[in-house]
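Me: I would like to learn how to read helix packing and backbone features in a model, one feature at a time. Could you take me through this one?

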Amino acid sequence: MRYAQGGGLTDAGRAARERVRLQAVECFEGGQKNRQIAAALRVSERSVERWRRQWRERGEAGVLSKGSPGRPRLSEKQIARLERELERGPLVHGWADQRWTLARIKTLIGRLFHVSYTVEGTWLLLKRHGWSWQQPARRAIERDDAAVEVWKKETWPRVRAPRRSTGPGSSSRTKPGSR
């Protein structure tokens, strides 16, 4: 095989693959068999069959590179609009509180620009443009400190997992008590 399998090709790598396909087209036009072409170009016969089929259906355009399959990107104008929308806050966009989460920003990008990002991709987009996670500088007005203390004293002890016994232990796998 002439080139490694998998993605992540650079523009130069895509151009090199395209040159191989165009060499195959010259061989198609010369009437050569798939096996001969595959051997000459050091590619699989299956690839040559696929290229020949694409060439028959759409001509030379069928074997040309379709460009990078990279992630969808937002233009600078779209990034600026996204920033303005984020500054307006989540309430304006239909969420019940004032927290921006990655999932919400991902949804907002989809609504505004009809572009799909993963949650991780959303984080990378934000990070690439200088945004970072934030923590409130002050406590929320809605916070009820008395209710928090009641919860800590009454509810938490009931739901927390019980502690392990304080007796001596053993790391031996043969000791019956360690199973």
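Me: In which loop does His114 lie?

Reply: His114 lies in the loop between helix H5 (102-113) and helix H6 (119-128), where helices (H or I, at least four residues) and strands (E, at least two) are DSSP runs numbered from the N terminus. Before going further, note that this is a predicted model, in which local features need pLDDT of at least 70 and side-chain atom pairs count only at pLDDT 80 or more, while totals for chains, interfaces and linings use all residues. Residues are numbered from 1 along each chain as its sequence is written, and side-chain values use heavy atoms, with hydrogens and water left out.

Me: What is the phi of His114, and is the residue buried or exposed?

Reply: Although His114 is not a glycine, its phi is positive, at about 55 degrees. His114 is exposed, with a relative accessible area of 72%; buried means under 20% relative accessible area, exposed over 50%, and partly exposed in between (1.4 Å probe, protein chains only).

Me: Which residues of H5 are buried, and on which side of H5 are they?

Reply: The general idea is that an α-helix has 3.6 residues a turn, so residues three or four places apart point the same way. In H5, the buried residues are Arg104, Ile105, Leu108, Ile109, Leu112 and Phe113. They cover an arc of only 140 degrees around the axis, which puts them on the same side of H5, the arc being that of the directions from the helix axis to the C-beta atoms. These buried residues pack against helix H4 (76-88) and H6, with contact meaning heavy atoms within 4.5 Å.

Me: At what angle do H1 and H2 pack, and which residues make the contact?

Reply: An axis is a line fitted to C-alpha atoms, for helices over the stretch in contact, and angles run from 0 to 180 degrees between N-to-C directions. Helix H1 (residues 11-29) and H2 pack at about 145 degrees with their axes 10 Å apart. Their contact is made by Val20, Gln23, Ala24, Cys27 and Phe28 of H1 together with Asn34, Ile37 and Leu41 of H2.

Me: How do the axes of H2 and H3 cross?

Reply: The axes of helix H2 (residues 34-41) and helix H3 (residues 45-58) come within 8 Å and cross at roughly 115 degrees. In this contact Asn34, Arg35, Ile37 and Ala38 of H2 meet Glu45, Val48, Glu49 and Arg52 of H3.
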